[in-house]
Amino acid sequence: MELTDTQKRMLEVGKREFLEKGFKDASLRAVVKEAGFTQGAFYGYYDSKEALFDALVSPAADGLLNQFKQAQQAHYELIPEDKAEQSRDLSTSYLNYFINYIYDHFDVFKLVICCSEGTRYANYVHELVELEVNQTEDYYRQLRQLGKLEGTVSRDLHHMITSAYFTAVFETVAHDMTREQAIGYVNELAVFFNCGWNGLLRFK
């Protein structure tokens, strides 16, 4: 549905308020006043401050989550092709795609990573981590059954490594890196973590 000019103005002002103060400290009254509308006009579109925040971030943030799920599924397609050893290269390729997607929607992810306390997006990175660990554990289980994976890692360690990795990736947003800096950073990060994984788990 196409946004009205009133909605666009509310979203524009709301984004500035959330970026400046974070969700918890942002003032709905200040947003309405700066936007030049009455609170009644606001509630005609959004029923709460959180609904406004959600309208700002959900298309891109939920979009990344859905694309992330599709990327995980692509790893399973390596199994019947006997190409599991390409898993880490595939992950790095997707990482480059995702970092560009994040930078295409930089303000949204700045809101999610730095300004979302008090919303359903406050645990966004943790949800990505849980999804990654759950899917990868299942992927590893299938490879072990086929004799295509050597080595073991406890789920707790797997979770800690993945959490550290994802947190580091989103530091690009928290520290306002340029796109070029972020791409270089995450590729170096991938080399570092892949070397660690290669020391723990070996594809055959």
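Predicted model: local features only at pLDDT ≥ 70, side-chain atom pairs only at ≥ 80, totals over all residues.
1. Helix H4, which spans residues 49–76, packs against helix H5, residues 87–104, at an angle of about 165°, and their axes lie 11 Å apart. Because angles over 145 degrees count as roughly antiparallel, H4 is described as roughly antiparallel to H5. The crossing in which H4 passes H5 is right-handed.

2. On the H4 side, the contact between these two helices is made by Pro 59, Ala 60, Gly 63, Leu 64, Gln 67, Phe 68, Ala 71, Ala 74 and His 75. On the H5 side, the residues taking part are Ser 87, Leu 90, Ser 91, Tyr 94, Tyr 97, Phe 98, Tyr 101 and Ile 102. Sorted by class, the contact of H4 with H5 comprises twelve nonpolar and five polar residues, with no charged residues.

3. Turning to charged pairs, the structure holds 15 salt bridges, of which a few are described here. Lys 21 and Glu 17 form one of them, with an N to O distance of 3.1 Å between their side chains. Both residues belong to helix H1 (residues 5–25), where they are four residues apart, about one turn of the helix. As for accessibility, Lys 21 counts as partly exposed because its relative accessibility is 37%, whereas Glu 17, at 6%, counts as buried.

4. A salt bridge also joins Asp 82 to Lys 148, and the closest N and O atoms of this pair are 3.1 Å apart. The two residues link distant parts of the chain, being 66 residues apart: Asp 82 sits in the loop between H4 and H5, while Lys 148 sits in the loop between helix H7 (124–145) and strand E1 (149–150). Asp 82 is partly exposed, with a relative accessible area of 44%, and Lys 148 is likewise partly exposed, with a relative accessible area of 25%.

5. Asp 104 and Arg 179 meet through their side chains in a further salt bridge, at 2.8 Å from N to O. This pair, too, links distant parts of the chain, since Asp 104 is in helix H5 and Arg 179 is in helix H9 (residues 179–200), 75 residues apart. Asp 104 is exposed, having a relative accessible area of 52%, where the cut-off for exposed is over 50%; Arg 179 is partly exposed, with a relative accessible area of 26%.

6. Finally, salt bridges also form a network, which links Arg 9, Glu 12, Arg 16 and Glu 34.

Notes
Residues numbered from 1 in each chain as written. Heavy atoms only, no water. Axes fitted to C-alpha atoms, helices over the stretch in contact; angles between N-to-C directions. Parallel < 35°, antiparallel > 145°, perpendicular 65-115°, else oblique. Left-handed = near helix turned anticlockwise from the far one by under 90°. Contact = heavy atoms within 4.5 Å. Nonpolar A, V, L, I, M, F, W, Y, C, P; charged D, E, K, R; others polar. Salt bridge = Lys/Arg side-chain N within 4 Å of Asp/Glu carboxyl O. Buried < 20%, exposed > 50% of the residue type's maximum accessible area, 1.4 Å probe, protein only.
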